[in-house]
Every structure is written in C-alpha cells, then in structure tokens.
Amino acid sequence: AAAMTVASQVVCRYCTPLELPPGPGEDKPRYLNLNLCHEAFKGLKVEWIKRYDRARPAVYLPWMLWIWNAGNIGLFALLAGLLLLVARLLGFPGARMIM
C-alpha cells in the first residue's frame, strides 16, 4: 500500500501542472493542485503543514505523504473507536477492541 501511495503521488506530481496559463478572456491562471502534489490547500490555516509547499519533489512528497497519512490514521482511529463504543452500547456482541 505504501509503494502504491508513493508511486501515485510521484506520477501525479509530474503529470499534473500546478497552474495552466489563463484562457481566452481570463486574467488569472487556472489552479490545478487538486491532488495536493505541489502544495497544501491555499485556505489551510495550519501554517506548519505548509512548511514545504512548492519545494522540490524529493522534499515535498515525503512530507506531504507523512503528514496526510498521519492525519488519516488518527481520524480512522477516532472514528473506529466511536463506532465500537456505539456498537457496544447497542449490545452488539462482537464489538470489541482487538489488541
């Protein structure tokens, strides 16, 4: 899974430009950083996450993969714990933490 994630981010970084030149009748470039392969979201309020925005790929991609996957694991653990708690309160017999 880790190799697939890294390969996907590398391909996306080199195949998706950050911006396209303005089209006819437009005055601003089109922003294409939809897959976060160049920088974090523009409106992100947590400044330390944006530490390596627009850095070269060897610096930015490992940072981006670490920070977003850590967030995903934390969110998964929180949601799984809440779901198990609700399931235990509802009396489901198989709802238990496995360690």
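Two residues are in contact here when heavy atoms of the two lie within 4.5 Å. The model is predicted, and every value below is computed from it.

**Overall form**

The secondary structure of the chain consists of 2 helices and 2 strands. Read from the N terminus, the order of these elements is α-β-β-α. The radius of gyration of the chain is 19 Å, whereas a compact globule of 99 residues would have a value near 13 Å. Along the principal axes, the C-alpha atoms fill a box of roughly 60 × 30 × 25 Å.

Of the 99 residues, 22% count as buried. The accessible surface of the chain is about 7,600 Å², and carbon and sulfur atoms account for 69% of that surface. Taking the contacts between residues at least 6 apart in sequence, 30% join residues at least 24 apart. The chain carries 11 positive and 6 negative side chains. The centres of these two sets are 12 Å apart.

**Nonpolar cores and Leu36**

The largest nonpolar core contains 6 residues, namely Leu36, Ala55, Tyr60, Leu61, Met64 and Leu65. In soluble globular proteins, nonpolar side chains tend to be buried together.

Leu36 belongs to the largest core and sits in the loop between β2 (30–31) and α2 (57–89). Leu36 counts as buried because its relative accessible area is 10%, and the cut-off for buried is under 20%. Outside the four places on either side of it in sequence, Leu36 is in contact with Phe41, Tyr60, Met64 and Trp68.

| Residue | Relative accessible area | Class |
|---|---|---|
| Leu36 | 10% | buried |
| Arg54 | 49% | partly exposed |
| Gly43 | 55% | exposed |

Arg54 is classed as partly exposed because its relative accessibility is 49%, and exposed requires over 50%. Gly43, at 55%, is therefore exposed.

Most residues other than glycine have a negative phi. Leu36 has a positive phi, near 60°, although it is not glycine. Arg54 likewise has a positive phi, near 65°, and is not glycine.

**Thr16 and two long separations**

Thr16 is placed in the loop between α1 (2–15) and β1 (19–20). Apart from its neighbours within four places in sequence, Thr16 is in contact with Leu32, Asn35 and His38.

Two pairs of residues give distances across the chain. Thr16 and Leu82 are separated by 66 residues in sequence, and their C-alpha atoms are 37 Å apart. Gly43 and Ala77 are separated by 34 residues in sequence, with 26 Å between their C-alpha atoms.

Methods. Residues numbered from 1 in each chain as written. Predicted model: local features only at pLDDT ≥ 70, side-chain atom pairs only at ≥ 80, totals over all residues. Heavy atoms only, no water. Helix = DSSP H or I, 4+ residues; strand = E, 2+ residues; numbered from the N terminus. Rg over C-alpha atoms; globule rule 2.2 N^0.38 Å. Buried < 20%, exposed > 50% of the residue type's maximum accessible area, 1.4 Å probe, protein only. Areas by Shrake-Rupley, 256 points an atom, 1.4 Å probe, with all protein chains shown as cover. Lys, Arg positive; Asp, Glu negative; His and termini not counted. Charge placed at Lys NZ, Arg CZ, Asp CG, Glu CD. Core = buried A, V, L, I, M, F, W, Y, C linked by side-chain atoms within 4.5 Å.
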